[in-house]
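Me: Could you put the model up, so that we can go through it a piece at a time?

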Amino acid sequence: MEETVVHQDKTFTGVDYSEKTLRNREFVNCTFLSCSFHKSDLMGNAFEDCTFQQCDLTMAVIDSVGFRNAEFIGCKMLGLDFTRCNMFAFSFSFTDCYLDYSNFFGTKLRKTTFTNCKLTEVEFTEADLTSSAFVNCDLSATRFSNTNLEKVDFSTAVNFAIDPDRNKMKKAKFSAMNLSGLLFKYNLDINYDNH
């Protein structure tokens, strides 16, 4: 078995790992700037306290990958299957990211912050999002079913459709302007003009 190579306190800038296989690596407190992991095979690697800025992780293989306190800023992360990650090291924050078509089915994402992100057709069925926040996020066609949304802040989120009968929603936050996302199944015509 190959020995694990540990990278600590390093900055990687403009590295192209596209369609390459990266194995037996552990990254601690590292920063990745404008790197491409497009269709990379990152299976089994660990990223702890790492920051990814302006990186492309679209369609990367993240089976058994550990992301602990990973911060993603301005990243393109289309079609990632987070259900295949190492669940023992699983905590993130996302800012200005594209997460379209990603899968978080059944994952524990408590206190996860999504800020200014686009989450089109993302799967959150059976996930635990307790105390998370979707700040200025676009949730078009994103699926919430049997999801724990207790204390989740949706007050600035748009384009969501959430059925309160099919999700745990105690103390979830909404603004008066986006409540229609909870009523979609009734096919109501909601008028926001007070005239």
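Me: Is Arg23 buried, partly exposed or exposed?
Reply: Arg23 is partly exposed, since its relative accessible area is 31%, where buried stands for under 20%, exposed for over 50% and partly exposed for what lies in between, using a 1.4 Å probe and protein chains only. This is a predicted model, in which local features need pLDDT of at least 70 and side-chain atom pairs count only at pLDDT 80 or more, while totals for chains, interfaces and linings use all residues. Residues are numbered from 1 along each chain as its sequence is written, and side-chain values use heavy atoms, with hydrogens and water left out.

Me: OK, and which side chain does Arg23 meet in a salt bridge?
Reply: The partner of Arg23 is Asp41, with a distance of 3.0 Å from N to O; a salt bridge here is a side-chain nitrogen of Lys or Arg within 4 Å of a carboxyl oxygen of Asp or Glu. This pair links distant parts of the chain, because Asp41 is in the loop between β4 (31-33) and β5 (46-48), whereas Arg23 is in the loop between β2 (11-13) and β3 (25-28), and the two are 18 residues apart. The elements are DSSP runs numbered from the N terminus, helices being H or I of at least four residues and strands E of at least two.

Me: And Asp41, buried or exposed?
Reply: Asp41 is buried, at a relative accessible area of 18%.

Me: How many salt bridges are there in the whole structure?
Reply: A search of the whole structure gives six, one of them being the bridge between Arg84 and Asp63, whose closest N and O atoms lie 2.8 Å apart.

Me: Changing topic, how many helices and strands are in the chain?
Reply: The chain has one helix and ten strands, and in order from the N terminus they run β-β-β-β-β-β-β-β-β-β-α. The C-alpha trace spans about 65 × 30 × 25 Å along its principal axes, and 43% of the 195 residues count as buried.

Me: Where is Lys151, then?
Reply: Lys151 sits in the loop between β10 (133-135) and α1 (180-183), and with a relative accessible area of 48% it is partly exposed. Ala172 has its place in the loop between β10 and α1 as well, but Ala172 counts as buried, at 19% relative accessibility.

Me: How far is Ala172 from Lys10?
Reply: Their C-alpha atoms are separated by 39 Å, and the two residues are 162 residues apart along the chain.

Me: Last one: which element holds Leu183, and is Leu183 buried, partly exposed or exposed?
Reply: Leu183 lies in helix α1, and its relative accessible area of 32% makes it partly exposed.
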